[in-house]
Amino acid sequence: MSLVVPYPAGGVSDVIVRIVSPALSKKLGEAVIVENIGGASGGIAAQKGSQ
């Protein structure tokens, strides 16, 4: 599973997702990969997430 963060790495959103992702991974029973895709006010990440 891939979790898309619409901001560059190192920000508050990235830190929160990286703290939560191990618990989510354990709950889902599969690996959770965090993808930071910044740019275009989140539009690029939204397009990636809708695929």
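Guide: Val20 has its place in helix α1, which covers residues 12-28; helices here are DSSP runs of H or I with at least four residues, strands are runs of E with at least two, and both are numbered from the N terminus. This is a predicted model, in which local features need a pLDDT of at least 70 and side-chain atom pairs count only at pLDDT 80 or more, while totals for chains, interfaces and linings use all residues. Residues are numbered from 1 along each chain as its sequence is written, and side-chain values use heavy atoms, with hydrogens and water left out.

Val20 counts as partly exposed because its relative accessibility is 47%; buried means under 20% relative accessible area, exposed means over 50%, and partly exposed lies in between (1.4 Å probe, protein chains only). Together with Val12, Val15, Ile16 and Ile19, Val20 makes a nonpolar surface patch of about 490 Å². Such patches are made of residues with over 30% relative accessible area and no salt bridge, where like charges are joined within 9 Å and nonpolar side chains (Val, Leu, Ile, Met, Phe, Trp, Tyr) within 5 Å. The areas themselves come from the Shrake-Rupley method with a 1.4 Å probe, and for residues only the protein chains shown count as cover.

Asp14 also lies in helix α1, and this residue is buried, since its relative accessible area is 6%. Asp14 touches Val5, Pro8, Ala9, Val34 and Asn36, leaving aside residues up to four places away in sequence; a contact means heavy atoms within 4.5 Å. Asp14 also forms a salt bridge with Arg18, with the closest N and O atoms 2.7 Å apart, a salt bridge being a side-chain nitrogen of Lys or Arg within 4 Å of a carboxyl oxygen of Asp or Glu. Side chains of opposite charge can pair when their charged atoms come close. Because Asp14 and Arg18 are four residues apart in helix α1, about one helical turn separates them. Arg18, at 44% relative accessibility, counts as partly exposed, and the count by this rule comes to one salt bridge.

Not counting residues up to four places away in sequence, Ser21 touches Val32 and Val34.

Stepping back to the whole protein chain, its secondary structure comes to two helices and two strands, which follow the pattern β-α-β-α along the sequence. Buried residues make up 20% of the 51 residues, and the C-alpha trace spans about 30 × 25 × 10 Å along its principal axes.

Finally, pLDDT is the predictor's confidence in each residue, from 0 to 100, and the chain averages 86, with 92% of the residues scoring at least 70. Among the elements, α1 has the highest mean pLDDT (94) and α2 the lowest (74). Where pLDDT is low, the predicted coordinates should not be read in detail.
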